[in-house]
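Take a walk through this protein, from its overall make-up down to single residues. Keep the sequence and the 3D view side by side as you read.

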Amino acid sequence: MGDATVRTPERRAEAVPHPVPEGTGRGLVRRLRAPRRPRLWFEILLIAVSYWTYSLIRNAVPEQRSQALRNADWIWRVEQQLGIAVEESVNHAVNSVTWLIIGMNYYYATLHFVVTLGVLVWLYRSHPGRYAATRLVLFATTGVALVGYYLYPLAPPRLMNGEHFIDTVMVHQTWGSMASGDLKNMSNQYAAMPSMHIGWSLWCGLTIFALASVPWVRVLGLLYPALTLVVIVATANHFWLDAVGGLMCLAFGYAVAALWYGKLPYALPRVVAARRRAWLPTRAGPAGRHARA
């Protein structure tokens with residue numbers, strides 16, 4: 001018989017594998033990728049700074065009016081060839097119903113921000129484990145949209161030459177559009193491609209549909225981006241193809257989040273346990289206790 005090996009409590013404690021220190025490269029990456037509880041003050045600051053930066057960069061893109069108008073003419077011709085150039089008909093039809101178009105003007109100016117912030121707050125409160133990953137989708141979507149604004153200036157239909165689109169905000173003197181009336185000098189009017197009204201509303205709709213537990217709320221989640229699509233066309237702020245651009249940006253955002261976290265945000269745990277500040281073996285004695293900050 002071979003020699004028997006006697007394991008004292010001290011030796012058993014030494015045999016327990018130690019986790020990878022967080023200070024190493026792999027440990028740091030693992031820590032960054034791990035879902036964690038969001039901190040309210042940090043999230044408020046991050047969203048405020050991010051939106052300010054987004055607005056600053058978007059409005060700093062040169063307003064290439066002549067190129068933007070040429071691009072709009074090209075988009076319009078492509079849609080005519082595809083048989084989907086119905087924006088002008090929708091614009092005139094909805095504009096003939098005063099209460100409807102006024103409501104759409106206010107919808108376009110407000111819900112883009114209100115619903116998006118509302119979904120972020122809901123995620124923060126009810127799905128903290130999925131919050132960071134889903135927020136990353138939104139941020140990546142918005143970030144790549146800035147590249148589109150720079151590389152492909154595009155005039156909205158209401159600013160096209162030789163067409164008969166109606167600028168519904170100007171006609172009905174409604175408040176809110178950053179691209180019409182007294183506020184037009186505060187926003188780049190030639191940043192219509194891609195449409196972030198579609199990118200953000202579809203992000204909201206998919207998030208609500210994936211995570212809401214009430215059936216009718218899930219249905220509303222899907223209806224929201226569909227109605228937004230009608231609104232951006234009826235108010236002559238976007239072409240149909242601008243919406244396709246917004247969809248492509250959102251797909252990029254989901255790809256970034258899936259690569260970083262290893263799965264789609266909605267597949268992550270709903271709740272994240274509080275981080276443990278110390279690691280203890282199963283049987284920790286006076287001589288076998290190992291602590292890690």
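The paragraphs below go from the whole chain to its helices, and then to the loops.

This is a predicted model: local features need pLDDT of at least 70, side-chain atom pairs count only at pLDDT 80 or more, and totals for chains, interfaces and linings use all residues. Residues are numbered from 1 along each chain as its sequence is written, and side-chain values use heavy atoms, with hydrogens and water left out.

Begin with the whole protein. It has eleven helices and zero strands. Helices (H or I, at least four residues) and strands (E, at least two) are DSSP runs, numbered from the N terminus. Of the 293 residues, 41% count as buried. Buried means under 20% relative accessible area, exposed over 50%, and partly exposed in between, with a 1.4 Å probe and protein chains only. The protein exposes about 16600 Å², and carbon and sulfur atoms supply 65% of that area. Accessible areas come from the Shrake-Rupley method with a 1.4 Å probe; for residues, only the protein chains shown count as cover. Now look at the contacts, meaning heavy atoms within 4.5 Å. Among contacts in the protein with a separation of 6 or more, 81% are between residues 24 or more positions apart.

Turn to helix α6, residues 98-126. Its 29 residues should span 42 Å at 1.5 Å a residue, and its end C-alpha atoms are 39 Å apart, which agrees. The expected span is 1.5 Å times one less than the number of residues. Where is the kink in α6 centred? It is centred on Thr110, with an angle of about 45°. The bend at a residue is the angle between axes fitted to the seven residues ending there and the seven starting there. The buried residues of α6 include Ile101, Met104, Tyr107, His112 and Leu123.

Tyr108 also lies in α6. Its relative accessible area is 13%, so Tyr108 counts as buried. Beyond its neighbours within four places in sequence, Tyr108 is in contact with His197, Val231, Ile232, Thr235, Asn237 and His238. Thr235 is 127 residues away in sequence, yet the two C-alpha atoms are 8.3 Å apart.

Next comes helix α7, residues 128-151. It has 24 residues and reaches 36 Å from first C-alpha to last, close to the expected 34 Å. Why is α7 largely enclosed by the rest of the structure? Because 17 of its 24 residues are buried.

Arg130 is part of α7. Is Arg130 buried or exposed? It is buried, with a relative accessible area of 14%. Its side chain makes a polar contact of 2.9 Å with the side chain of His127. A polar contact is a pair of N or O atoms within 3.5 Å; within protein, one must be able to donate a hydrogen and the other to accept it, and residues adjacent in sequence count only if both atoms are side-chain atoms. The Arg130 side chain also reaches the backbone oxygen of Leu268 at 2.7 Å. Setting aside neighbours within four places in sequence, Arg130 is in contact with Leu211, Pro265, Tyr266, Leu268, Pro269 and Arg270.

Helix α11 has 22 residues and reaches 32 Å, close to the 32 Å expected. Its buried residues include Leu241, Gly245, Cys249, Tyr254 and Tyr261. Trp260 sits in this helix, residues 240-261. At 32% relative accessibility, Trp260 is partly exposed. Its C-alpha is 9.5 Å from that of Leu136, 124 residues away along the chain. Gly262 follows α11 and has a positive phi, near 85°.

What about the cysteines? Cys249 is buried at 9%, and Cys204 is buried at 0%. A search of the whole structure finds zero disulfides, a disulfide being a pair of cysteine sulfur atoms within 2.5 Å.

Finish with the loops. Gln173 and Pro194 both lie between α8 and α9. The peptide bond from Met193 to Pro194 is cis, with omega near 0°. Gln173 has a positive phi, near 55°, though it is not a glycine. At 63% relative accessibility, Gln173 is exposed. Ala236, in the loop between α10 and α11, also has a positive phi, near 60°. Ala236 is buried, at 0% relative accessibility.
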